[in-house]
Amino acid sequence: MTGALVVADTIEGGRRLITVAAGLNLPVSAVTHDPTVATGLTDYVSDVVYHLVGSSDRLHDYYSAFAGLVRDRQPDLVLIADTVPGRELAAMSAAQLDVALVSGATRLVTDGTRITATRLVYGGSFEREEQLGGLTIVTVPTELHHPAAASATTAERVTVEATADQRVTVTKRATVTRSGPDLASALAIVGVGLGLRHRDDLSLADELAGALDGAVACTRPVAEDRGWLPTERYIGISGAKITSDLYVALGISGQTQHTAGLRDVKVVVAINSDPAAPIFAAADYGIVGDLYQIVPLLIQAIEDSRHGQ
Amino acid sequence: MSHFLSDEQVRIRDVAREFAQVEVSPRAAEIDNKDEFPADLVRRAAELGLFGLMIPQEYGGLDAGITTTCVVLEEIGKASPSLAGMLSVQIALCPVSMNTAGTPEQKTKYLVPSASGENLMALSATEPSGMMNTAAHQTRLTPDGENYRLNGLKIFCTQGSATVYIVGGRTSVDGQEGYGAAIVEKGMPGFEVGKYENKLGWRGSNTGTLIFTDVLIPRENILGGILTGLGEVSGLGGLTGNLGHCASALGCAEGMLAKTIEYAKGRELYGQPMTALQPITYWLSEAWVKIEAARSLLYTTTRMVEEGRIDPNMIMACKVHVCETAFEVCNRLLQVWGGHGMMNDTGVHRYMRDARVDLIAEGASETMLSGIAQSILA
Amino acid sequence: MNIVVCYKSALEETSMLVSSSGVDATRARHKISDYDRNAIAAGMGVATETDRVLALTFGGLEAKKTAKDVLSRGPDQVYAVIANDAASADGAATAKVLAAAIRSIGDVDLVVCGEGSSDSYAHQVGPRIAALLSMPVMSELSEFSVEGTAIKGKRTVGGVTEFLCADLPAVATVLPAAAEAPIPGLKAVLAAGKKPLTEMTLAELGLDATSLAPKTSAGPLTAVLASRKRILFPDGDASSQVAGLVGALVKEGVLR
């Protein structure tokens, strides 16, 4: 096969990776372990949809079978979503295949003969291009791409019997309750950082997000160290990358690990009491001031502006 | 830091640097603002082993020498010159005084818990008549059988929340006047610490008045010779203590410069980044040059001390030059911050205020110049 | 139990100079990659009195310099595979070298890695090592513990918290949240000088430099400069700052 092989956990995730492949003018096949996803993707894929069938409900348990499929089909490029299980699957199959793995590619372009991937390094301070040589596995943050439109033809659906590595068992799962609109679809997002003094002050961010019809997010330490918001709400090089029209950073110092997630935001606003905070260099508009004073005024001013005053 | 550090000294510096950046820095402005003794950070410094830098290994210390000690205090001074000043007393002054003048029993009793952090130490000589005006000092140690009684008043004692105090008291033996030193412990009957002063700088460091009313000083708590004690404790200890303060002052200037550079880079004036305005860049580079000159003087001196070449003039020169430089640099750089620099919330004018205290504390600049003059004109 | 913690010496990004001609890393200092400090702390955290914690790294000569820092954080010994081209090695090569070293050390029950290195942050070496050594892997754990001959871990995947279990020997990659990396005290810093550092060569591990050549060709580093407007509303009156901001957002068309 020449072309791209896309790994899909969901139909939408698969469609976003298909967009990336299409951008490289590569015919696309897909692989998944979920029967609904397999059926659904036949409308979007040009070549074949492989459905791995086995005893596990976790796609990354099939890394060995997946590697076997890749060895068999010889794609030029493998695309996997840049998520926790995606990265595990990518690395383990890359090791079995002895191929390169480029993770977190923010851009993939081709000159017809070679594909070049761009990725962030050094915590988001720098980026570097890598020219791919031969079969490479690439993980991509899918939220940066639109889901592909339906293809002209329906793809062939092939079932593949697959053995899963089940040495790691999931003893329990707990769904973290989602609060408010999700970051991927929000047009406006309010982010909070360590400058927010008390957990209860999140209500201030909620109010501002409400006034903007948007969602609340945060920096990594607020989610991981303080536990004030679920980890899927933190924005940064290792977290969510947002593409909203507006982002308002409250009490966020602006480390590159966080601002790396803001590159595709249309307008960034920063409110921080420290005039030397790096966030101001990464923002379009900034107010040096106390967020506890500024935010209530801002909420009022937004509402007044809505009512045409 | 000195430009000539061994790998081990670099790693010790890195410990101090990480402590300063991660644990001290976030609290520094608050310590200054609220004027609260940062007991937790002082305890952390003890946990990291910093208290033992100048204490011999046989008493639980690291015996790392004055250069390493200054490197550590300098790193902490970048984040909080006030904390570094307090720690200098604990690390570079008192242990050396005790080690110079103390008997093996006294050293075991007081240096071991000091190294571990159980004891906080302070040294007090200043009286209302002036620190150097010893002839007018009133605090006295008078014999009481085999022991002594301490009566008097000391002011401006840095680290007034200590548990062990080295206190100077006038003495006389067979008509001969002298100046001894006693180890006074918190809780000794008749010993009170009066209210803490509200100061321009070094806020958070509890500067207190010590009141002695007939305090019974057991014979074994007399430090050094009865007529010469104060001289002994202020000798080497006074010198290393001064160098410790110089290190914290150097750090103070460096901390101010680093913050000012960040501020200038991020700020625009008249449509250009501030760093495009030449006068601003000159203030910044002049500060850099002055800091390097001060650094060279300080670490040349620490190296001389470690090699046994103890020249009080060099230490006095450090106290004048490094501390005056620190104040000059911090004051000049504050101008870069414009109105923001004046605001308490910005939290940056504390560097200038802390540096100002160093021009007086543990020997005013003028005292140093006087000492050098006497020496070079002799 | 023998626990191997893998770490990398990475360049300090703050000591890299950016100018119009590019990025100059010639005078940059090395440090233990940030997340690896947490991995070392995590390895120390699950070790009992009788366990041995061995730190392992693949690097150039700088690997020897950071070894003392690693030893001051608790491990009993450092194994360093030293090779001249280590700096250009990709995840595939690094994993091969580390897996070979772990095989050579022998009797390893647990391998702990950080979630990714502070420089390349590719999240791949840990799971690659697991595949090469045929060990199960639990990656990006926010908590983990060893209970008898099993390892237990917790992580969050797409809004769902998973509690995982696997038998040893196994590989775990950990997030900083799994263990705080305490600042080593001076006593530990001085004691590090007396702990052993064992150097290994690629030849000893049966590897040669050509088989480790990267399969992609990497371009130079370019600084990421946010091209934002950087407009600051004049300080002073909060109401006028806010009014200015709202006016600007309306003009930008992001305020509905």
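1. C:N38 sits in helix α1 of chain C, which covers residues 34–46. In this predicted model, C:N38 is classed as buried because its relative accessible area is 11%, and the cut-off for that class is under 20%. Apart from its neighbours within four places in sequence, the residues in contact with C:N38 are C:P176, C:A179, C:E180 and C:A181.

2. Helix α4 of chain C, residues 125–132, is mostly covered, with 6 of its 8 residues counted as buried. Those buried residues are C:G126, C:P127, C:R128, C:I129, C:A130 and C:A131. Just after α4(C), the backbone of C:S134 adopts a positive phi of about 55°.

3. Chain C also holds a cis peptide bond, which runs from C:L168 to C:P169 and has an omega near 5°. C:P169 belongs to the loop that links β12 (160–167) with β13 (170–174) of chain C. As for the domains of chain C, the assignment gives domain 1 as 2–212 and domain 2 as 226–256, and the centres of domain 1 of chain C and domain 2 of chain C, taken over C-alpha atoms, are separated by 45 Å.

4. Chain B is assigned three domains, namely domain 1 (2–120), domain 2 (122–229) and domain 3 (232–376). Taken over C-alpha atoms, the centres of domain 1 of chain B and domain 2 of chain B lie 23 Å apart. The contact between them draws 24 residues from domain 1 of chain B and 23 residues from domain 2 of chain B.

5. How does the overall form of chain B, with its 378 residues, agree with that of a compact globule? A compact globule with 378 residues would have a radius of gyration near 21 Å, and chain B agrees with this because its own value is 21 Å. The C-alpha trace of chain B spans about 80 × 45 × 40 Å along its principal axes, and the chain contains 12 helices and 10 strands.

6. Of the 378 residues in chain B, 56% are buried. Among the contacts in chain B with a separation of 6 or more, 73% come from residues 24 or more positions apart. The accessible surface of chain B is about 15,300 Å², and carbon and sulfur atoms account for 54% of that area.

7. One backbone angle in chain B deserves a look in the display: B:F156, a residue other than glycine, has a positive phi near 50°. B:F156 is part of strand β3 of chain B, residues 147–157, and its relative accessible area of 49% places B:F156 in the partly exposed class.

8. In chain A, A:Q74 likewise has a positive phi, of about 50°, although it is not a glycine. A:Q74 lies in the loop between α3 (63–73) and β4 (77–81) of chain A, and it is partly exposed, with a relative accessible area of 47%.

9. A:D304 is located in helix α8 of chain A, residues 291–306. Is A:D304 buried or partly exposed? A:D304 counts as partly exposed because its relative accessibility is 26%, given that the buried class takes values under 20% and the exposed class values over 50%. A:D304 and A:H146 are 158 residues apart along the chain, and their C-alpha atoms are separated by 34 Å.

Note on methods:
Residues numbered from 1 in each chain as written. Chains lettered and ligands numbered in written order. Predicted model: local features only at pLDDT ≥ 70, side-chain atom pairs only at ≥ 80, totals over all residues. Heavy atoms only, no water. Helix = DSSP H or I, 4+ residues; strand = E, 2+ residues; numbered from the N terminus. Rg over C-alpha atoms; globule rule 2.2 N^0.38 Å. Buried < 20%, exposed > 50% of the residue type's maximum accessible area, 1.4 Å probe, protein only. Contact = heavy atoms within 4.5 Å. Areas by Shrake-Rupley, 256 points an atom, 1.4 Å probe, with all protein chains shown as cover. Domains from an automatic or database assignment.
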